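Visitor: I have a model open and want to learn how to read it. Could you take me through some features one at a time?

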Number of protein chains: 2
Amino acid sequence: AVATPAFAQAQPTITWRLASSFPKSLDTIFGASDVFSKRVAQLTGGKFTIRVFAGGEIVPALQVMDAVQAGTVEMGHSASYYYFGKDPTFAFDCAVPFGLNSRQQTAWIDQGGGRELMREFFKDYGIVNFLGGNTGTQMGGWFRKEVKTVKDLNGLKMRIGGFAGKVMQELGVVPQQIAGGDIYPALEKGTIDAAEWVGPYDDEKLGFNKVAPFYYAPGWWEAGPQLSFYVGLKEWEKLPKEYQAAIEVATYEAHVVMQAQYDARNPAALARLLKSGVKLRSFSKEVMEACYKAANTVMDAEAEKNAKFKKVYEPWKRFRQDENQWFSVAEAPLQNFMITRKGSNGS
Amino acid sequence: AVATPAFAQAQPTITWRLASSFPKSLDTIFGASDVFSKRVAQLTGGKFTIRVFAGGEIVPALQVMDAVQAGTVEMGHSASYYYFGKDPTFAFDCAVPFGLNSRQQTAWIDQGGGRELMREFFKDYGIVNFLGGNTGTQMGGWFRKEVKTVKDLNGLKMRIGGFAGKVMQELGVVPQQIAGGDIYPALEKGTIDAAEWVGPYDDEKLGFNKVAPFYYAPGWWEAGPQLSFYVGLKEWEKLPKEYQAAIEVATYEAHVVMQAQYDARNPAALARLLKSGVKLRSFSKEVMEACYKAANTVMDAEAEKNAKFKKVYEPWKRFRQDENQWFSVAEAPLQNFMITRKGSNGS
């Protein structure tokens, strides 16, 4: 028989603050922090409390990394490519154009040397980084007019940032930085011609389908965008090892749950969008090829001038090559067979 | 400042035994139990110890579920389709022919209603089930001769079990049940013509390439085979809730780590196999179509006569349909583009 534990009287009581980059309305991506913090509390008999704050509540959404670095908050949950402006190397912790898909990204971080490389990089910012979810391949965004050729991209004003913006720029796109809440009016007025956000489940909430009917796929700049938890290195080192273990293991759970939520919720959201009249389009082979070429140009150029970037880029490229070769053998052929099945794909 | 905790004096000291279905030589799939039990120990300050035993050490490899049900061990780690003979419904907790891929399976269990359905089913066996890893789409096995048409399957003696064996039987294959260690001599002597195992990383260890040169893909009977942890329901209910939380969260970590290990290790193993002279082959469209048709026949027939099976099969089929439709929009097209890239896929 097992006695009920009078749990851990000797453990320290600790309260931390976690700043998320995401609004509560994006329940899957914001929700990862809740899943995480609830589990940590549960594992520690309620002694280790991590209070979660939505984007903008105590820290501006796009400055979560800075806030953890400065010690304003002990933890953050963010997309590392938001910090592309400080150093494009951050993007490997999230997504780079034509990068790894969700499973490949997790494999790279967890078992492919990625964690070691990214931890070394994050150390300069006083941060320990952890897996914090993934959305899967995102959509290519909402367009007011069809884009059939590379020529159609010329002069197009598109809400798109970071690496993808730089790649698009090579093809004549004028990238725009616009916060989530301002995209709808900009599309409605025609101030911008296109905008990328996430995928059906999140996009539906913002109502883009009413002002930009063409919904493109795939989002080649986000094959498997990973979210990350950040912990201030100094705070991390002060934690008892059981609390460190609680953080570490709880990030894995949040990582699984977020991807599963997106996978389980996107299909119905896409069906609703299509029913509302959204016109689903695929980027043409010509556009994809041109974007791929431009992406390599932009990334190679960054590697030339940025030693930190190059240090990650070289092994990452080999990993990507190996993964895609392997996925081409069994995973992709079976997936391709399944999506042509009547009654299995809804056709 | 944080005091060092004199951890949890009041917690109970518990030692459990976990029987794995897998030999230590299969380090990824066996390793999941080690990852799991180490984390549980760490989370509980060493008070909750779960000793891991390899397949056959204290329980026969294919009787792990029975041992947990009987209370011989408190926990198990196994592939639920091993218990197909008791009830084919078990297979939904692992893999069924032309089933969900790794991400879809996780999404179904974690966020798509699968956990609730499978927990209800497992309750009759006195077991609480948890996610316990995935291998990703497996290979279609090793063949002594090429299989080009459905006719070539007729009379073929193949080591393949469970649902897949029943489906293959519809096409004239004579399915054989042979333990892992006996496959090599059977292939060598020609007692069997073909055998399926897992994928490059595991298959390489058994040396099948020396006796059956044709390596087929994809393993349509295992698109995303999930492993599971089993906990005896009575033991589960006696645990303090912090220990329950430790088990629950640690299974998520083991789940992520196993898939990441397979994804990170399969590419190099495949490259070595190809270098050794293995002839990679894809099942023809004709063979795939015939197998798909046969699989539906076998599964529909099971649903007709087995109410438990039908209860899972119906919502599962809808989930599969929704997932494949969604994956056809962004995930698969980008994956397909990437695997045709020079320098990205090694070609």
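**Reading contacts, burial and packing**

Guide: Start with a serine. The side chain of Ser228(A) makes a polar contact with the side chain of Asp93(A), at 2.6 Å. A polar contact is a pair of N or O atoms within 3.5 Å; within protein, one must be able to donate a hydrogen and the other to accept it, and residues adjacent in sequence count only if both atoms are side-chain atoms. The Ser228(A) side chain also makes a polar contact with the side chain of Gln226(A), at 3.2 Å.

Visitor: What should I know about the model itself?

Guide: This is a predicted model: local features need pLDDT of at least 70, side-chain atom pairs count only at pLDDT 80 or more, and totals for chains, interfaces and linings use all residues. Residues are numbered from 1 along each chain as its sequence is written, chains are lettered from A and ligands numbered from 1 in the order in which they are written, and side-chain values use heavy atoms, with hydrogens and water left out.

Visitor: Is Ser228(A) buried or exposed?

Guide: Buried means under 20% relative accessible area, exposed over 50%, partly exposed in between (1.4 Å probe, protein chains only). Ser228(A) has 0% relative accessibility, so it counts as buried. Ser228(A) lies in strand 10 (residues 226-232) of chain A. Helices (H or I, at least four residues) and strands (E, at least two) are DSSP runs, numbered from the N terminus.

Visitor: Which residues does Ser228(A) touch?

Guide: Contact means heavy atoms within 4.5 Å. Not counting residues up to four places away in sequence, Ser228(A) touches residues including Gly76(A), His77(A), Asp93(A) and Phe130(A).

Visitor: Where does UniProt place the "binding site" feature?

Guide: The unreviewed UniProt entry puts a "binding site" at Trp197(A). For the feature of that name, UniProt (unreviewed entry) also lists Gln138(A), Arg159(A), Glu196(A) and Glu222(A). UniProt positions are given in the numbering used here, feature names are shortened, and annotations may be inferred rather than shown by experiment.

Visitor: How are these listed residues placed?

Guide: Take Trp197(A). It is found in the loop between strand 8 (194-195) and helix 7 (200-206) of chain A. Its relative accessible area is 16%, so Trp197(A) is buried. Glu196(A) is in the loop between strand 8 and helix 7 of chain A. Glu196(A) is buried, at 7%. Beyond its neighbours within four places in sequence, Glu196(A) is in contact with Gln138(A), Arg159(A) and Glu222(A), among others.

Visitor: And Arg159(A)?

Guide: Arg159(A) lies in strand 6 (residues 157-159) of chain A. It is buried, with a relative accessible area of 15%. Its side chain reaches the backbone oxygen of Ile178(A) at 2.9 Å. Among the residues Arg159(A) touches are Glu196(A) and Trp197(A).

Visitor: How do I read helix packing?

Guide: Two packed helices are described by the angle between their axes and the distance between the axes. Axes are lines fitted to C-alpha atoms, for helices over the stretch in contact, and angles run from 0 to 180 degrees between N-to-C directions. Helix 3 of chain A and helix 9 (residues 241-275) of chain B pack at about 95°, with their axes 8 Å apart. That makes helix 3 of chain A roughly perpendicular (65 to 115 degrees) to helix 9 of chain B. The contact includes Arg103(A) and Thr106(A) from helix 3 of chain A, and Val256(B) and Gln259(B) from helix 9 of chain B.

Notes:
Parallel < 35°, antiparallel > 145°, perpendicular 65-115°, else oblique.
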